[in-house]
Structures are given as structure tokens and as C-alpha cells.
Amino acid sequence: MNGHEKSHECVVPTKPGNKTAQAEADSVEGRRSTAENLNQRNANRAQNRGNAPSGLERVREAARKDKTTRFTTLLHHITPKMLEQAYRGLKRNAAAGIDGKRWKDYGEQLASNLADLHGRIHRGAYRAKAGRRTYIEKADGTQRALAIATIEDKIVQSAVSETLNAIYEEDFYGFCYGFRKRRSQHDALDALATALLRKKVSWVLDADIRGFFDSIDHEWMRKFVEHRVGDQRVIRLIMKWLKAGVMEEGKWIEPERGTPQGGTISPLLANIYLFYAFDQWAHHWRKRKARGEVVIVRYADDFVVGFEHREDAECFRSELGERLQKFALELHSGKTRIVEFGMYAAERRAKRGKGKPDTFTFLGFTHLCTKNRKGRFNLGRVTSRKRMNRKLHEIGAELKARRHNPIPEQGRWLRSVVRGYDNYYAVPGNMPALRAFRRGIAWLWRTALRRRSQRTRLTEERLARLCATWLPKPKILHPYPDSRFDVRIGGRNRMR
């Protein structure tokens, strides 16, 4: 830890005044001089406190001013009002934890429940419950294990996340996009596209960390959080959630490492872990060791790094593996590769007698080198084939369950599915994939309707009318990525 770390919002006994250039109180506490505070204005003591910032805003300002500050009193920001706001922000229809309580059940006696919860948090009597184990299918066909937290644990985790975000939003780099306020997957995609179009990127490292959420080391997690958080009550809450474990088939499984996916605070803890394990190291590496230009875009544990020179890409990959091993992480060898990409990739590969440039996938889009109508380099982005096939498979299974529902009811559901899909994938240049997805749904609907009866009356003409009525026609909904990127950053460099 930094030898000059400061503490905020601590109550200190009466000591000698600090109105001199080198205050006597500093010698008593063994801290830095407070002379820089002499000319600051006091907050207005009037009842309206018009110029006094909120508690979390003061934390945010302190974190912004000094990156070495450790905050020793944070738990008092967890108030009944904040807990209620956290409760209101949860999904109403989310699955229940091991206690079986849902959002509506907890809200039947909300005031008394939150008052009791607030008291237990501040008395140290709050106990985290194990998560309920469930599985979802990943894009590659494997199963992803989730731990569904109880409604009470979700409330406390959300409140603590809100408090910690006031600190870490001032620390995280601009190239970190995952699970942050006012940042989305499309923001990350826009940043990557802009870098590939405008920066000197000739090689791309497409990297994946093997089982990241299950590999997080608890002791390293504690050390990383303690860089900024000195309130041991908050540290204990985080460790309780990490050690809570999961319930699967009536058995409690104690975790040795990892943070449960499905927990409200897990995304923030993942960002903190990678901030120290990857972000800081990668940022300093490109400033001190890279011979050419280097750009980074990270969304959670999925990140892409672009390089001007192949030597930089190979050196970075080698040193990255060593860096991650130090923190109990490992690169997925089958999903981590260096790809020749960019404006001159096709020309250079043609001179070497090789085929088209390879592609890579990031956040559901396959990125490829294409040309525009003038024959110049253009970035192509199409829906990942695995993502589309997985989605169609899910729709087919759901249509099978809804087979005997009224056709208008099926049509309304399919319309909402297509709209949701297009809201994400309808980017410029992806029209062929959008049309293919709509054709896939039409075929699945045709199959489901024909199996309603052995004497089906569904003709191709009638199916076409149903699709025209209920399935929205594909259209591009997103602007060009570099244009939207310019508008959103307002001149700031988020790729740094």
C-alpha cells in the first residue's frame, strides 16, 4: 500500500489546530500536511445545504482527486433509503434463491424487512446465503454454472456496488466497457470498430481467459479491494459473498475460488480484479514497451488488443500469459490467437500466396476484412454463426411448447423476439444475416404449425401472410460505429 494513503470521513478526537502552514495536528496523527486545505471554503451550514454534495458524491470527488486514497468509513452510506432503491432496481420476475422468496414476496412487508436488514448489516449480524445452482447453455455448447442469490443478498450487493462504484468509476480505464453505467456492448463494439478503421492496426490478439469467474483467487481479490477500501466491514461483506458457496441437489458446495455468476456484485468484483491483473499492466506495457501503436477494448473477461507490429503482438501475448498466471488466471489456448487484420491485410497475404485474412469474433459479431464500393478497406461485422444457431435452437424449443397456442399469441411472441434480436444485431452491413435469421424463424414457425395436426391447412401462401403480419422486416437500426463513437466521447479518447 502507498505510504501516503489518506482516510476520509473518519471521526478524530480533538487535537491541536491545523490552521498553520505545518499543522501541529499532522504531527500527532502522522499524516501529510493539511496546508492545502487552508484556502478552501466551508460548506454552507444553512438548513438547505445547497452547496454540500451528497455522501457518495464526496467519495467520488475524493477518489478522483487522489488515486491513493483509502476510504475507511463507507458502510454508513448503506442507508434504508439506499436499500429500498436497490430493491426497486431489481428485476421483478427474476428467479428465486434457496429461500424461495421472489421480489413481490419480499415487498409485502418492505419497510419492516428493510429496517431489519439495515440493522443486521450495521450490527455485523448479516449472513450471506448460498446461491442456488442452475445452468445455462453457452454459445460453444458447454454449460455455464450460475448461482442465483436470494433477494436479500441481491439488495445488499446492489447497495454495496453502488457505493464502491463511486470509487472505482474514477479508476477504471476508458477501454473497460463491461458492466459499467452508461456503457454498453455496442459502446465497446463502436470503440473497436473505430480503432480498426482509423488506427494503425495490422494484427489483432483475440484473447479469452479460461473460466475467469470460476478462477478468481479470493486472497488476491481481498488485496485488490483493500488498495482503495479500508473499511473492514465492507471487506467482510465481500468475503462473505465469495465464501457463501452454492446449493446443488440439496448439497452445499464450498468454493475454494471464484465469484458466483448471477450475483449482483460479481460484475464489479470481476472488473476490479482485471483492473489490477490486466488493465494497469496492459496500459503501462503499451506506453513503455510497444514499438508501435496499441489499442485495447475489454468487455468483462473478453478483450481484443490491436497492434501495429507483429513483434509487439507476440511479445504481448507471451508476457500476458505470465502476468495472468501470477493471479491464478490462464489464457484459453484454443480461443486465444493472433490474427493478421486491417487495411493492408488482404494485400500482404496475397503477396505471400495466402488466402483471405482470418476473422475473429467479439461480443456476438464476427469481424472480417471487406471492401466498400470504391474498393477500399472496410470493416465487416456479421452475426456470429454460433450465436444465430443457438438463438434459433432456443426459439424452436419454445415454439414446440407453444405449438397449440392461438396463432396471434404465437405471432406476438415471435414479433417481440425478432425486435429484441434486431435491436442488438441490426448494425450497418449485417442485413444478410438479419434476413437469414428471419427466414430461420419462418421455417421453425412453419414446422410448429404443421405439426399441430396431421391434416394441416397451412399453405406457403398463408405462411407468407402470417410472416408479413407478425415478423418485422429487417432494417438497420444502428448508425455507423465511428460516427456514434465520435458523438459519445465528445473529443475524449476512450481507447486510452
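1. The count comes to four cavities of 30 Å³ or more. A cavity here is a set of points, on a 1 Å grid over the protein atoms alone, where a 1.4 Å probe fits but cannot get out; a volume is the space filled by probe spheres set on the points, which are joined across faces, edges and corners. The model is predicted: local features need pLDDT of at least 70 and side-chain atom pairs count only at pLDDT 80 or more, whereas totals for chains, interfaces and linings use all residues. Residues are numbered from 1 along each chain as its sequence is written, and side-chain values use heavy atoms, with hydrogens and water left out.

2. The largest cavity has a volume of about 140 Å³. Of the 18 residues lining the largest cavity, K129, A149, Q157, W241 and P260 are the closest to its centre; lining residues have an atom within 4 Å of a point. The largest share of this lining, three residues, comes from α10.

3. Helix α12 (residues 310-326; helices are DSSP runs of H or I, at least four residues) has 17 residues and should span 24 Å at 1.5 Å a residue, which agrees with the 25 Å between its end C-alpha atoms. The expected span is 1.5 Å times one less than the number of residues.

4. D312, A313, F316, L320, R323 and L324 of α12 are buried, while E322 and Q325, on the other side of α12, are exposed. Buried means under 20% relative accessible area and exposed over 50% (1.4 Å probe, protein chains only).

Methods: Helices (H or I, at least four residues) and strands (E, at least two) are DSSP runs, numbered from the N terminus. On a 1 Å grid over the protein atoms alone, a cavity is a set of points where a 1.4 Å probe fits but cannot get out, and a pocket is an open set with protein on both sides within 12 Å along at least five of seven lines; lining residues have an atom within 4 Å of a point.
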